[in-house]
Amino acid sequence: MGRASQFAPWTPGTLDIHHISTGRGSSTFVLCPDGTTMLVDCGATSPSPATVPYLVDPKPDGHRRPGEWIARYVSRHMAAARRKELDYFLLTHFHDDHMGKFSADLPMSKFGDYRLTGIADFAETVPVGTVIDRAWPDYNYPAPIHDPHSDNYQAFARSALHKMERLRVGAGNQMRLLAKPESYPDFEIRNLAANGEVWTGVGETTRQFFPDTKLLAPAQLPTENMCSIAVRLSYGKFDYFTGGDMSNDTSYGRASWRDIESPVARVAGPVDVAVANHHGYQDAVGAEFVAALRPRVFVINGWDSSHPSSVALSNMLSLELYEGDRDVFSTAVKPETKIAIRRMSELKSSDGHIVVRVPPPGTHFQVLVTTNANESDNVVAAFGPYTCT
Ligand SMILES: [Zn+2]
């Protein structure tokens with residue numbers, strides 16, 4: 001572990017994956033080896049711990065909205081690649097801690113009939129090329145998707161600010177390097193899953209794990225979390241998994257298809273770095289998921305006292321599920337969680353942005369924890385280098 005130091009800017013050929021700590025949801029900025037830019041989720045959940053006591057404090061503070069903080073974070077880091085635009089925004093699923101919470105007192109956009117929260121807030125100041133989600137353009141799987149937060153996002157989606165695409169499960173080229181793909185032929189973003197459709201690992205073929213919705217009562221339909229997008233990002237020997245809020249709750253064994261994270265992990269893994277599904281909540285990061293991915297590093301996008309659950313953390317740390325060392329990091333932890341779950345003391349970091357840095361040619365990587373207390377990006381701890389397997 002190193003001492004506090006300045007964050008060394010990105011250089012060409014390096015892959016940087018920034019898990020941004022806002023305390024208000026998930027948001028991960030990816031700066032690719034050729035300078036292609038990508039954001040996975042742009043969460044902005046409830047504003048104040050005073051009204052929602054299980055939330056951590058907003059990071060760096062509450063005087064800007066989460067989408068504004070994220071836009072500033074991305075802008076200053078992509079400047080190292082002389083970039084001012086986001087090439088891809090990938091929304092894993094339609095929940096406020098991933099896309100932005102609607103509130104009638106938020107400002108309206110200059111560009112359309114929607115309010116500024118999450119990705120809409122981000123796109124108000126940073127141009128976005130292509131937005132990819134799980135249900136464009138009809139937003140009707142597994143049933144029509146309507147609530148104030150989703151309606152606000154869909155109004156943003158329909159604005160003329162960007163191109164819109166639905167994720168094509170199985171594809172390895174929907175999100176691709178846009179500047180110098182020929183220089184990095186071993187870089188790939190593989191679309192693993194969405195809406196219960198899962199890549200088989202062969203070509204671009206897929207298999208649907210969810211039953212036909214016509215056969216299900218409304219209460220049995222797949223949940224929004226279960227429909228999350230998952231992708232695997234690869235560079236050289238380095239592999240990274242992120243799968244939104246996928247879960248494994250089979251309703252006490254009555255519906256095995258409701259464990260969607262396990263089949264997705266089986267086709268994805270093993271990987272070097274895995275993001276804990278659903279913030280490490282009690283219905284995710286099950287034993288099969290952990291055993292299939294068996295990462296050297298876990299990242300938890302945490303913002304709530306239930307992130308992670310005791311069982312999810314035990315699974316991540318279990319030497320029965322897989323052998324060898326592994327390090328667990330979280331972007332934020334509520335103090336009472338450290339008291340309630342004794343093994344939280346084994347986390348390598350529980351506060352700050354978590355930057356996974358993969359220099360060329362993708363044989364090793366580092367984890368840098370940078371401060372979320374201000375916008376200095378000072379490195380508070382450094383881990384690795386880890387060897388990619
Ligand atoms: Zn979530």
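Contact, in this tour, means heavy atoms within 4.5 Å. Helices (H or I, at least four residues) and strands (E, at least two) are DSSP runs, numbered from the N terminus. The model is predicted: local features need pLDDT of at least 70, side-chain atom pairs count only at pLDDT 80 or more, and totals for chains, interfaces and linings use all residues. Residues are numbered from 1 along each chain as its sequence is written, and side-chain values use heavy atoms, with hydrogens and water left out.

**The whole protein**

Start with everything shown. The protein has eight helices and 17 strands. Its radius of gyration (taken over C-alpha atoms) is 19 Å, close to the 21 Å that the globule rule (2.2 Å times the number of residues to the power 0.38) gives for 389 residues, so the protein is as compact as a globular protein of that length. Along the principal axes, the C-alpha atoms fill a box of roughly 55 × 50 × 50 Å. Of the 389 residues, 59% count as buried (under 20% relative accessible area; exposed is over 50%, partly exposed in between; 1.4 Å probe, protein chains only).

Select strands 6-5-4-3-2-1-15-16-17, given here in their order in an open sheet of nine strands with mixed pairing. Two strands pair if DSSP finds at least two bridges between them. Strand 6 (163-166) and strand 17 (379-387) are at the edges and have a single partner strand each, so one side of each lacks a neighbour in the sheet. From one strand to the next, the twist averages 15 degrees. Axes are lines fitted to C-alpha atoms, for helices over the stretch in contact, and angles run from 0 to 180 degrees between N-to-C directions.

Now pick strand 1 (residues 15-19) and strand 15 (residues 353-358): they run antiparallel and are joined by five bridges. Opposite His-18 is Val-355 in strand 15.

Strand 13 (residues 297-300) and strand 14 run parallel, with four bridges between them. Phe-298 has Val-328 in strand 14 as its bridge partner.

Move to helix 5 (residues 261-268), where seven of the eight residues are buried. Among them are Pro-263, Val-264 and Val-267. Their cover includes strand 7 (187-194), strand 8 (197-199), strand 10 (230-235), strand 11 (238-242) and helix 6 (287-293).

**The zinc ion**

Finish at the metal. Which residues coordinate the zinc ion? They are Asp-97 (OD), His-98 (NE2), Asp-245 (OD) and His-279 (NE2), at 2.0 to 2.2 Å. Donors are N, O and S atoms within 2.8 Å of the metal (3.2 Å for Na, K and Ca); water is not among the atoms, so sites may look incomplete. The angles between the four donor atoms run from 88 to 159 degrees, which makes the arrangement irregular. Four donors count as tetrahedral if all angles lie between 85 and 135 degrees; four count as square planar and six as octahedral if opposite donors are over 155 degrees apart and all others between 65 and 115; anything else is irregular.

Zoom in on His-98, which lies in helix 2 (residues 96-99). His-98 counts as buried because its relative accessibility is 1%; Asp-97 is also buried, at 6%. Beyond its neighbours within four places in sequence, His-98 has contacts that include Ser-26, Asp-41, Phe-89, Asp-245 and His-279.
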